[in-house]
Amino acid sequence: MTGELKDQLVRRIRAEGPITLADYMGTCLLHPQHGYYATRDPFGQSGDFITAPEISQMFGELVGLALAQSWLEQGSPAPFTLAEVGPGRGTLMADILRATKGVVGFHEAAQVYLVEASETLQGIQAMTLEGANVQWASDVNALPDAPLWLVANEFFDALPIRQFQRADTGWCERLVTVGNEGQFGFGLAQETAFADLENRLDDTKQGDVVETCSVATAITHSIGERIEAHGGCALYVDYGDWHSLGDTFQAVQAHQTCDPFEAPGQADLTAHVDFEALALATPCAYSRVTPQGVFLERLGIVQRAQTLAQNLSGETLENHISAFRRLTHPDEMGTLFKVMALYPHGAKPPPGVGV
Ligand code: SAH
């Protein structure tokens, strides 16, 4: 298996010419036979990386309660869609459902949808959520035209980006090429004007690299349309910032960064999320980006951590304390990860975010 995807990509580029970074990234992650997400469960201590819901149940509990409070504040519409995009192992949705059991009417009104591209991960999600009434959709466009409460954790960073290098008044796209030895590298396409990058001419100089993610803007547009038309809220949690600049494309394997061109399909490929681009693509209102640590503290993670700690001792207590630190501390995920909420114009934003 190893090397098969690399051979396919090399043959394709030699036959058809350089490909966009989005094409490379999308193929490496989601190729149906050899793609990264199609061939493994990458999460957890023994996998390649660990995400917030896998670190501690507190993350999903607090996100669930924030969504439920927003649902109550918008008049408890029924039925409504409770959705997660890119649910990984299904842990976050399991914690959301457990934490919201006591919210009167919430479960009865919720139609739970998981938007997941990988069949392998759909299978794992079905096991994690056994007994819950859950449906899968391959795409956000397939979600019902109904009020929508949605969460996306480390989803947008996995979507394929394109990179452009600033030229004089236009842009040269960075394309993936193949050298004589069969190794991948970057080449520059000819300078062109790109309408989508007009707004980046002011804050960049020659040689700067900017990234775009058209899949992400299309997805967030579709989510925002439902929220504006029918009510609801979306919480996006990811690493990145309001405005992205520079090359943020990276590969991670076994918790270490590695060369993204080394072993296609074997390493997780991500890029920082440009929250401004997501916000501007939606017709609904959006919050400021709030650091994950601040968001969780506003939602009461300190009190929740203390309550859980009462029943723990020894190693489990130490693990719990270190999980709390990982989620909130500025040296860990507390500052690097940001939260942005989408909500309808005229409605209250969900708790935890700044406006
Ligand atoms: N939210 C999870 C997993 C994040 S990893 C967690 O926090 O643990 C990214 C997830 O998005 C994986 O489940 C991956 O299979 C899924 N994914 C990637 N690209 C996708 C796409 N285009 N459509 C739907 N799901 C996608």
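Tutor: Gladly! Let us begin with Arg-226, whose side chain reaches the backbone oxygen of Pro-144 at 3.2 Å. A polar contact here is a pair of N or O atoms within 3.5 Å; within protein, one must be able to donate a hydrogen and the other to accept it, and residues adjacent in sequence count only if both atoms are side-chain atoms. The model is predicted, so local features need pLDDT of at least 70 and side-chain atom pairs count only at pLDDT 80 or more, while totals for chains, interfaces and linings use all residues. Residues are numbered from 1 along each chain as its sequence is written, and side-chain values use heavy atoms, with hydrogens and water left out.

Arg-226 sits in helix α9 (residues 214-230); helices (H or I, at least four residues) and strands (E, at least two) are DSSP runs, numbered from the N terminus. Around Arg-226, contacts (heavy atoms within 4.5 Å) include Val-140, Asn-141, Leu-143, Asp-145 and Gly-231, leaving out residues up to four places away in sequence.

What about charge? Arg-226 is buried yet has no salt bridge, and the nearest side chain of opposite charge, Asp-145, is 4.0 Å away. Buried means under 20% relative accessible area, exposed over 50%, and partly exposed in between (1.4 Å probe, protein chains only). Lys and Arg count as positive and Asp and Glu as negative, with His and the chain ends not counted. A salt bridge is a side-chain nitrogen of Lys or Arg within 4 Å of a carboxyl oxygen of Asp or Glu.

By that rule the model has 15 salt bridges. Take Arg-98 and Asp-95, whose closest N and O atoms are 2.9 Å apart. Both lie in helix α6 (residues 91-99), three residues apart, about one turn of the helix. Arg-98 is partly exposed at 39% relative accessible area, whereas Asp-95 is buried at 6%. These two residues also belong to a network of salt bridges with Glu-61 and Arg-304.

Another pair is Asp-274 with Arg-200, where the closest N and O atoms are 3.9 Å apart. This pair links distant parts of the chain, 74 residues apart: Asp-274 is in strand β14 (residues 273-274), and Arg-200 in the loop between β8 (184-188) and β9 (209-212). Asp-274 is buried at 14% relative accessibility, and Arg-200 is buried at 4%.
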